[in-house]
Amino acid sequence: MTDLPNGHVRVTWIARTLNEPNEPDPKYPDGRHFDIARGAVNACAVAVPYPAAGEGLWLLECRDCGTKALVTANGAADDPRSIKLACKWGV
Ligand SMILES: [Zn+2]
(Lines give C-alpha, C1' and ligand atoms only; values in the text may rest on other atoms or scores of the structure.)
Protein backbone atom coordinates (compact mmCIF):
# COMPACT_ATOMS: atom_id res chain seq x y z
CA MET A 1 0.00 0.00 0.00
CA THR A 2 1.40 3.39 -0.88
CA ASP A 3 -1.02 5.89 0.57
CA LEU A 4 0.97 7.55 3.24
CA PRO A 5 1.02 10.68 5.38
CA ASN A 6 -1.34 11.98 7.95
CA GLY A 7 -4.58 10.54 6.66
CA HIS A 8 -3.25 7.06 7.14
CA VAL A 9 -4.89 6.71 10.54
CA ARG A 10 -8.66 6.50 10.45
CA VAL A 11 -10.33 8.04 13.49
CA THR A 12 -13.83 6.83 14.38
CA TRP A 13 -16.03 7.98 17.25
CA ILE A 14 -18.09 5.26 18.93
CA ALA A 15 -20.77 6.74 21.21
CA ARG A 16 -21.26 4.43 24.15
CA THR A 17 -22.23 4.67 27.79
CA LEU A 18 -19.19 3.85 29.84
CA ASN A 19 -19.10 2.47 33.31
CA GLU A 20 -16.52 4.96 34.35
CA PRO A 21 -16.67 7.91 36.69
CA ASN A 22 -17.65 11.11 34.95
CA GLU A 23 -15.61 13.37 37.18
CA PRO A 24 -12.88 14.86 35.00
CA ASP A 25 -9.37 14.43 36.30
CA PRO A 26 -8.32 17.89 37.53
CA LYS A 27 -4.74 17.15 36.50
CA TYR A 28 -5.77 17.56 32.86
CA PRO A 29 -7.87 20.72 32.57
CA ASP A 30 -6.79 21.17 28.93
CA GLY A 31 -7.06 17.60 27.74
CA ARG A 32 -4.63 14.75 27.63
CA HIS A 33 -2.03 13.62 25.15
CA PHE A 34 -2.06 9.85 25.32
CA ASP A 35 1.07 7.92 24.47
CA ILE A 36 0.28 4.26 24.00
CA ALA A 37 3.17 3.60 21.63
CA ARG A 38 5.09 1.86 24.42
CA GLY A 39 8.33 3.49 23.39
CA ALA A 40 8.15 2.31 19.79
CA VAL A 41 10.76 3.92 17.54
CA ASN A 42 8.13 4.53 14.87
CA ALA A 43 4.97 6.08 16.20
CA CYS A 44 2.26 8.46 15.01
CA ALA A 45 0.54 11.11 17.12
CA VAL A 46 -3.01 11.63 15.88
CA ALA A 47 -5.16 14.58 16.94
CA VAL A 48 -8.77 13.84 17.84
CA PRO A 49 -11.64 16.34 18.14
CA TYR A 50 -11.70 17.89 21.62
CA PRO A 51 -13.72 17.61 23.70
CA ALA A 52 -15.51 14.48 22.58
CA ALA A 53 -19.24 14.60 21.85
CA GLY A 54 -19.99 12.73 25.06
CA GLU A 55 -19.25 9.32 26.49
CA GLY A 56 -17.65 6.89 24.14
CA LEU A 57 -14.52 5.60 22.53
CA TRP A 58 -12.07 6.82 19.94
CA LEU A 59 -11.08 4.03 17.61
CA LEU A 60 -7.85 4.61 15.70
CA GLU A 61 -6.87 2.29 12.89
CA CYS A 62 -3.81 2.57 10.71
CA ARG A 63 -4.87 1.89 7.13
CA ASP A 64 -1.50 0.44 6.33
CA CYS A 65 0.04 -1.49 9.19
CA GLY A 66 -3.25 -2.37 10.88
CA THR A 67 -2.42 -0.96 14.30
CA LYS A 68 -5.56 -0.29 16.29
CA ALA A 69 -6.18 1.61 19.50
CA LEU A 70 -9.18 2.42 21.65
CA VAL A 71 -9.22 5.36 24.05
CA THR A 72 -12.21 6.36 26.16
CA ALA A 73 -13.62 9.87 26.40
CA ASN A 74 -16.38 11.52 28.42
CA GLY A 75 -17.02 14.85 26.76
CA ALA A 76 -15.09 16.42 29.61
CA ALA A 77 -12.02 18.58 30.15
CA ASP A 78 -9.71 15.61 30.57
CA ASP A 79 -10.63 14.07 27.21
CA PRO A 80 -7.85 13.10 24.83
CA ARG A 81 -6.50 15.73 22.45
CA SER A 82 -4.06 13.40 20.76
CA ILE A 83 -3.18 9.75 20.80
CA LYS A 84 0.25 8.43 19.93
CA LEU A 85 0.39 4.88 18.70
CA ALA A 86 3.03 2.61 17.31
CA CYS A 87 2.99 2.73 13.52
CA LYS A 88 5.49 1.73 10.90
CA TRP A 89 5.25 5.17 9.22
CA GLY A 90 6.34 7.09 12.28
CA VAL A 91 5.04 10.47 11.06
ZN1 LIG B 1 0.68 2.28 10.67
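1. A residue counts as buried if 20 or more other C-beta atoms lie within 10 Å of its own, and as exposed if 12 or fewer do. Arginine 38 has 9 other C-beta atoms within 10 Å and is therefore exposed. Arginine 38 belongs to the loop between strand 2 and strand 3, and its phi is near 55°, a positive value in a residue other than glycine.

2. The model is a predicted one, and its confidence deserves a word before the details are read. The pLDDT of the chain averages 88, with 91% of the residues scoring at least 70. Confidence is highest in strand 2 (residues 32-35), where the mean is 96, and lowest in strand 3 (residues 43-47), where the mean is 91.

3. The secondary structure consists of 0 helices and 6 strands, which gives the pattern β-β-β-β-β-β when the chain is read along the sequence. The radius of gyration is 13 Å, close to the 12 Å that the globule rule gives for 91 residues, so the chain is as compact as a globular protein of that length. Along its principal axes the C-alpha trace spans about 40 × 25 × 20 Å, and buried residues make up 15% of the 91 residues. Among contacts between residues at least 6 apart in sequence, 76% join residues at least 24 apart.

4. An open sheet of 3 strands has the order 2-6-3, and its pairing is mixed. Strand 2 and strand 3 stand at the edges with a single partner strand each, so one side of each is left without a neighbour in the sheet. From one strand to the next, the twist averages 15°.

5. Within that sheet, strand 3 and strand 6 (residues 80-86) run antiparallel and are joined by 5 bridges; alanine 47 has serine 82 in strand 6 as its bridge partner.

6. The bridge partner of tryptophan 58 is valine 71 in strand 5. Strand 4 and strand 5 form a hairpin with 5 residues between them, and glycine 66 in the turn has a positive phi of about 85°.

7. Which residues does leucine 60 contact, leaving aside its neighbours within four places in sequence? They are Val9, Val11, Val46, Lys68, Ala69, Ile83 and Leu85. Leucine 60 lies in strand 4 and, with 21 other C-beta atoms within 10 Å, is buried. Leucine 60 and isoleucine 83 are 23 residues apart in sequence, while their C-alpha atoms are 8.6 Å apart in space.

8. Tyrosine 50 and proline 51 are joined by a cis peptide bond, with omega at about -10°, and proline 51 has its place in the loop between strand 3 and strand 4.

Key:
Residues numbered from 1 in each chain as written. Predicted model: local features only at pLDDT ≥ 70, side-chain atom pairs only at ≥ 80, totals over all residues. pLDDT = per-residue confidence, 0-100. Helix = DSSP H or I, 4+ residues; strand = E, 2+ residues; numbered from the N terminus. Pairing = 2+ DSSP bridges. Rg over C-alpha atoms; globule rule 2.2 N^0.38 Å. Contact = placed C-beta atoms within 7 Å. Axes fitted to C-alpha atoms, helices over the stretch in contact; angles between N-to-C directions.
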